[in-house]
Each structure stands twice: as structure tokens, then as C-alpha cells.
Amino acid sequence: MPPTQSRPTEKRFFARWVVASSAGWFCGVIVVVMLAAISDLIHVGNGVYIGVGMGWSIGFAQWLTARKWFGATSQWMWASTIGVTIPFLLADLVGTQWNRNRWYLIPALAGAGGLLAGLLQRSSLRSHSGKTNWWVAASGAAWMCPALLIQLIIVPYRPRTPLEAVRNIGSIGLGGVVLGVVTGSALVWLLTPDTCRPHPPIAC
């Protein structure tokens with residue numbers, strides 16, 4: 001088979017990973033909304049619930065796929081939760097003001113959270129690949145890109161036209177797809193050997 005042609009197993013893994021990440025993103029949005037409502041009642045944190053909700057939901061969804069394809073343990077999920085939560089928690093602790101003029105804040109924190117999550121998840125990939133340092137960079141970019149997409153496209157506050165409503169829903173919906181595509185592409189590259197081995201993480 002030509003080296004430039006993707007193997008069926010790689011395509012199947014990639015597709016399932018993107019679907020899992022998208023589902024986790026969608027569930028994460030729901031969890032964040034619920035946690036935000038609780039936060040308003042008890043007045044605890046303004047941003048930490050974003051890290052907890054998105055980090056756990058996406059980490060859990062990805063782990064369900066990762067455990068079958070390359071034997072990841074629940075450490076993958078908790079690494080995502082802890083890594084993504086820490087920057088948002090620190091931002092709350094230093095009294096960060098969350099307002100529309102600081103549109104860059106959430107993408108920056110999401111990128112930092114992705115780097116930390118990738119650093120913590122690296123051990124799950126180390127036995128399968130010698131290029132795991134690249135996963136840290138890929139994870140950081142993967143978390144920053146959808147957050148940046150939403151900040152640049154979404155209409156703040158209440159949309160006034162159907163088009164603005166579609167923009168909001170579309171940008172939020174695409175977030176998980178973007179994250180899944182970036183991380184899935186990185187994992188296929190990291191876990192697929194250059195030549196077939198007896199038992200590679202993603203079968204030849």
C-alpha cells in the first residue's frame with residue numbers, strides 16, 4: 001500500500017476520535033451551563049467551571065475511544081480535567097475580570113490548559129511512540145483553536161437576527177470538530193509506525 005494512502009484502520013480511528021471529541025464538546029457546553037448556574041447561586045469562581053466542565057467532558061469522551069485503540073487508562077480523562085481546569089482556576093484566584101473586551105483571555109487560558117493536559121497525558125502515549133513531546137504542542141493548539149474560533153465568530157449577549165443565532169450555534173458546534181480533527185491528526189501521526197509492527201497501537 002502506498003505510504004501516502006491512509007489505512008482503513010487509521011481512518012476508522014480518526015473518525016471515531018472526531019465524533020467522540022465533538023460529543024464531549026457538546027456535553028461540555030451543557031455541563032458548563034449547569035455549573036455556571038450553580039456558581040451564580042453560591043458565588044464561587046467565574047471561570048473555573050469552564051475548565052472543569054469542558055476538561056472533564058471531553059477527556060471522558062476521548063478516553064472511551066482511547067482505551068480501546070491504544071489502551072489509555074482513566075488517567076487520560078483526569079489529565080484533561082486537571083490540565084484544563086488549572087489555568088481557569090488561577091485566573092479566578094487572581095481576580096481576573098471576565099468581560100467582552102478581553103476576548104483573548106479564554107483562548108489563552110484554553111491553550112495553556114491544553115498544554116498542561118497534553119503534558120499530563122504524555123505518559124499514556126510514551127510506550128507507543130517516541131515523539132510524545134509533539135502531543136503537548138498539538139494538545140495546546142487543539143484547545144486554543146476552537147476557543148479562538150468561538151471568540152471571533154460568536155455574537156456576544158443575545159443575538160438580534162437569525163443569522164447571528166446561526167453564527168453562535170455554528171461556532172459552538174464546530175468547536176468540538178476542530179479539537180477532534182487537530183488531536184486526532186496528531187494521534188494518527190504519533191501512533192502509526194512508519195513500517196508495520198506485530199502489534200502497533202493503530203493496527204497496520
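User: What makes the way α2 passes α3 a right-handed crossing?

Analyst: In this predicted model, α2 passes α3 in a right-handed crossing. The label goes to a near helix that is turned clockwise from the far one by less than a right angle.

User: How do you know which residues of α2 and α3 meet?

Analyst: The test is heavy atoms within 4.5 Å. On the α2 side, the residues that pass include Val-48, Gly-55, Trp-56, Phe-60 and Trp-63. Among their partners in α3 are Trp-76, Met-77, Val-84, Phe-88 and Asp-92. Sorted by class, this contact of α2 with α3 has 12 nonpolar, seven polar and one charged residues. Asp counts as charged, and Gly goes with the polar ones.

User: And α3 with α4, what makes that pair roughly antiparallel?

Analyst: Their axes cross at roughly 150° and come within 8 Å. The cut-off is over 145 degrees, so α3 and α4 are roughly antiparallel to each other. Here too the crossing is right-handed, with α3 passing α4.

User: Which residues make the contact of α3 with α4, and how do they sort by class?

Analyst: From α3, the contributors include Trp-76, Ala-79, Gly-83, Ile-86, Pro-87 and Ala-91. From α4 (105–126), they include Ile-106, Leu-109, Gly-113, Leu-116 and Leu-120. By class, there are 16 nonpolar, seven polar and no charged residues.

User: How many cavities of 30 Å³ or more does the structure hold, and what makes such a space a cavity rather than a pocket?

Analyst: The structure holds one of that size. In a cavity, a 1.4 Å probe fits but cannot get out, whereas a pocket is open. The largest cavity has a volume of about 40 Å³.

User: How do you know what lines the largest cavity?

Analyst: A lining residue has an atom within 4 Å of a cavity point. Those residues are Ile-58, Gln-62, Ser-80, Ala-117, Gln-121, Trp-135, Ser-139, Trp-143, Leu-179 and Thr-183. The elements giving two or more of them are α2, α4, α5 (133–153) and α6 (162–191). α5 gives the most, with three residues.

Key: Residues are numbered from 1 along each chain as its sequence is written. This is a predicted model: local features need pLDDT of at least 70, side-chain atom pairs count only at pLDDT 80 or more; totals for chains, interfaces and linings use all residues. Side-chain values use heavy atoms; hydrogens and water are left out. Helices (H or I, at least four residues) and strands (E, at least two) are DSSP runs, numbered from the N terminus. On a 1 Å grid over the protein atoms alone, a cavity is a set of points where a 1.4 Å probe fits but cannot get out, and a pocket is an open set with protein on both sides within 12 Å along at least five of seven lines; lining residues have an atom within 4 Å of a point. Grid points are joined across faces, edges and corners, and a volume is the space filled by probe spheres set on the points. Axes are lines fitted to C-alpha atoms, for helices over the stretch in contact, and angles run from 0 to 180 degrees between N-to-C directions. Angles under 35 degrees count as roughly parallel, over 145 as roughly antiparallel, 65 to 115 as roughly perpendicular and the rest as oblique.
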